[in-house]
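Hello,

Here is the structure I said I would pass on. My notes on it follow below.

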Amino acid sequence: MSYPSGIQGQLLEVTVVGCNNLKDTEWISRQDPYVCVEYANTKFRTRTCTDGHKNPTFQEKFVFSLVEGLRELSVNVWNSNTLSNDDFIGSGRVQLQKVLSQGYDDAAWTLQSKSGRFAGEVRLVLHYANPNSAKSGGKPMPGHAPTAPPYVAPAAYHAPPYTTPPPSAAPYQPTASYPPSPFPSYPAPPAHSSVYPPSPYPPPPQPTAYPPQPYPPAAYPPHTYPPPQQGSPYYPPGHYPGTYPPPY
């Protein structure tokens, strides 16, 4: 099998999409996987997918500088631990024949445990910008595969602090004055004192205040007890004047 030559120093883009059906290394909780990709003396690691368990997602892109004669990548998947060493899940080898000849490769690669058993799959998207460089002596030719756009993880939106005051409202502009009225205006009335002529009648007399009462007031006459006997209003007082008629 012939391999393309003239790849020394060319760039290879490797996007780690995610993993499928990983071996579970946790007994109780969900595992937190991450992927390490190694080529020649260059090694990259993805972020840890917390609670990714058996099907983590990464979507991270790395760029390697190709070395003439080296046509494979090494992939290792680990489970991140906080209180102990990380657990090895599986490893695999990725062949670069297709991407170097066609410029693009999107496939899932098998992972094996230390005992050689199936440990899941890792999906990679590979891009090589100069698949026809071998035919032109290492020079790039038109028609190569487009490069993968860089993946940007969605970030939580944070409203920027309000640093500048809001633009003030436009100052109030008074409206244009109304046009002058075509009708003549009436003169202003004179002052109140000059409107009405003075009255020929004298003003009514004002009531005078009552004379002041002497102070202190006169003492009341003393009362005697018991009070004197008053005459009956039905009978005249004392002996009836006159004589009674003689008896028969």
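Glutamate 60 counts as buried, at 18% relative accessibility (buried means under 20% relative accessible area, exposed over 50%, partly exposed in between, with a 1.4 Å probe and protein chains only). This is a predicted model, in which local features need pLDDT of at least 70, side-chain atom pairs count only at pLDDT 80 or more, and totals for chains, interfaces and linings use all residues. Residues are numbered from 1 along each chain as its sequence is written, and side-chain values use heavy atoms, without hydrogens and water.

Glutamate 60 forms a salt bridge with arginine 47, with the closest N and O atoms 3.6 Å apart. A salt bridge here is a side-chain nitrogen of Lys or Arg within 4 Å of a carboxyl oxygen of Asp or Glu. Arginine 47 lies in the loop between β3 (42-45) and β4, and glutamate 60 in strand β4, so the pair ties together parts 13 residues apart in sequence. Helices (H or I, at least four residues) and strands (E, at least two) are DSSP runs, numbered from the N terminus. Arginine 47 is partly exposed, at 40% relative accessibility.

The count comes to five salt bridges. Another of them joins arginine 123 to aspartate 106, with the closest N and O atoms 3.0 Å apart. This pair links distant parts of the chain: arginine 123 is in strand β8 and aspartate 106 in strand β7, 17 residues apart. Arginine 123 is partly exposed at 35%, and aspartate 106 is partly exposed at 31%.

Aspartate 105 pairs with lysine 98 in a salt bridge, the closest N and O atoms being 3.8 Å apart. Aspartate 105 is buried at 4%, whereas lysine 98 is partly exposed at 41%.

Regards
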